[in-house]
Amino acid sequence: MQQFAVVATHSISQPESEAGSATAVVQLVDAAGTALMPPVQVYGNSLPAVVAELEASRRPRWVFDSVHDWYPGLLSAGVRIERVHDLGLVRAILRNAPYAEPGGYIDSVRALADPSTAAPAHLLPPARVSENQGELFSEPKDQAGALENVLEEFRAQRAAVPETERGARLGLLLAAESAGALIGAEMTHAGVPWDVAEHHRLLAEALGERVPAGVRPPRMEELAAQLRALLDAPGLNPDSPAELLKAMNRAGIAVSNTRAWELTEIKHPVIEPLLAYKKIARLATANGYAWVDRWVHEGRFRPEYIVGGVVTGRWASHGGGALQIPHQVRSAVRADAGKVLVVADAAQLEPRILAALSRDDALATAARGQDLYQGIADAGFGGDRAHAKIAMLGAMYGATTGESGRLMPKLKATYPRAVGLVEWAAAQGEAGAPVATYLGRGTPEVPAAWRQAKSRASSESEQRAVETEGRSRGRFTRNFIVQGTAAEWALCWMGELRRRLNAGRTAGIETGELVFFLHDEIMLHVPAEQAETVVELVHASARAASELLFGQIPVDFPVTAVVVDSYDQAK
DNA sequence: GTACATCGCGCG
DNA sequence: AAAGCGCGCGATGTAC
């Protein structure tokens, strides 16, 4: 029998509350929400002990208002849990889920303020019982009330998932999203192993000796002096695009902005040192000494992951720009002695997802094997891989002009189902209609401003603005179904991998830890002797994820997994 | 002083 | 070489 351990926390209590008064209450219930034993009162800082005891004896699915708020404290106390249902994450998905059972709960959730326009969580005061819950349920006056609120929402969420094939998919999404919350917190807890000495070495190599904050590093200062001389602009601050643009125009360089890629087109002596300056200036400001001081502690970089933080279901992150670690500094991501990094990524995930979504057998055939773009090239682009790739990316992103636009008719003739699906999604968006991922994550409602402008636009210029916005919405919905379903595949991949790692750990094998995730790429920090075992688990998890989502279909989702000492050695 | 917009560039 | 999608973040500059 499936058991759930519902955790309710009092509105004013946080994990570090004083001993003496109950800070939380835990209730074990069955799938119908019926109590299986008397509620357990949690006093002071004893939540980890209570959770550890129940986890060991019952293996329940835990029900938390927010894993992001509560799991870090448990991890710090050495307590891990296997399965969870995160009320907040589930609420956010159900809000826009087209397959959700209509009813009072869904209506009330949809009536809540749009979370995508709310302030970021880290800028808000400490959470109450649950974000937004004050609007859903009356503020609880005691523990019993808090517990009843959580139980009621839990029951309502379960009831909102219909017992249909689509409902089963939605249920999988909710479970995967919740598991993701555990994984995100566990990755933050583990941290990415970071070699500060190596990072300092590469900074010194590029920028020159370290100087105090606020002083321009030596190599940048040298280049700045060259730029001032070449542009005959003695006071120029090259960090200011406006100043730089003026100085370049004065020197007779006809540009309208200072973007690096546009500068490469221009023939002028200043371009080379300017591009060199931009390159190292970026390193210095984004991932320089200040970054290391601020974000790396005890040899670990610990970004916070915001599960479902992107509209499509991708993860966002907070702190240190974790999702943009430049290739330039990846040599500083280095395994501890005796350990290695296992770096794995799903090859060309999005077009493969499109093949699965659209059941396009021709595209599935091209996707057989490691290089999908070469497969497309051989099928219809005279073996020209570059053209095949541009065409495919254009189809998924909505390119209409240039190379990509010209290649579209050919792509559509070769893969009518795949291209037809993304064109349908774009048409939905242009019409102001929603679309959904394979597992049922729906697009947010259309911004009210556009909806109103659509019905009111009178002048020709207003009409044009509305149409431009519509095409933009179409590109968004076109990409949403692909990017969002790819995010679901990746979530299932990690979830499957986590289960296997945990099973290994239970069996006494130190399988190491997931330490980093980036859309279609994962990194593990593992004992060297377990590397090959973990590589196998990574592959097995990818196969399991593909089948979990799509069942038996003729689309391959190959992953590459390499064993390295440092991140720069991967691909 | 804070808040916000813009530019530019890093990642998938 | 970017374009067409999705992000985070630092420096600068302006408004209040």
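By class, four nonpolar, two polar and five charged residues make up the lining of the largest cavity (nonpolar being Ala, Val, Leu, Ile, Met, Phe, Trp, Tyr, Cys and Pro, charged being Asp, Glu, Lys and Arg, and polar the others, Gly among them). The model is predicted, so local features need pLDDT of at least 70 and side-chain atom pairs count only at pLDDT 80 or more, while totals for chains, interfaces and linings use all residues. Residues are numbered from 1 along each chain as its sequence is written, and side-chain values use heavy atoms, with hydrogens and water left out.

The lining consists of Arg80, Ile183, Glu186, Met187, Arg498, Leu501, Asn502, Arg505, Gly512, Glu513 and Leu514. Two or more of these residues come from each of helix H7 (165-190), helix H21 (460-506) and strand S12 (513-517), with H21 giving the most, four residues. Because domain 1 (3-190) and domain 3 (302-349 + 488-569) both contribute to the lining, the largest cavity lies between them; the domain bounds come from an automatic or database domain assignment. Its volume is about 110 Å³. A cavity here is a set of points on a 1 Å grid over the protein atoms alone where a 1.4 Å probe fits but cannot get out, and lining residues have an atom within 4 Å of a point.

Salt bridges that share partners join Arg80, Glu186, Arg498 and Glu513 into one network. A salt bridge requires a side-chain nitrogen of Lys or Arg within 4 Å of a carboxyl oxygen of Asp or Glu, and by this rule there are 26.

Helix H21 also holds glutamate 496, which counts as buried at 8% relative accessibility (buried is under 20% relative accessible area, exposed over 50% and partly exposed in between, with a 1.4 Å probe and protein chains only). Beyond its neighbours within four places in sequence, glutamate 496 is in contact (heavy atoms within 4.5 Å) with Ser541, Ala544, Ala545 and Leu548.

Glutamate 445 and arginine 95 meet at 3.5 Å, N to O. Glutamate 445 lies in the loop between helix H19 (416-430) and helix H20 (448-456) and arginine 95 in helix H3 (residues 87-96), so the pair ties together parts 350 residues apart in sequence. Arginine 95 is buried at 6% relative accessibility, whereas glutamate 445 is partly exposed at 46%. Glutamate 350 pairs with arginine 314, the closest N and O atoms being 3.5 Å apart; glutamate 350 is buried at 13% relative accessibility, and arginine 314 is partly exposed at 24%.

Note on methods. Chains are lettered from A and ligands numbered from 1 in the order in which they are written. On a 1 Å grid over the protein atoms alone, a cavity is a set of points where a 1.4 Å probe fits but cannot get out, and a pocket is an open set with protein on both sides within 12 Å along at least five of seven lines; lining residues have an atom within 4 Å of a point. Grid points are joined across faces, edges and corners, and a volume is the space filled by probe spheres set on the points.
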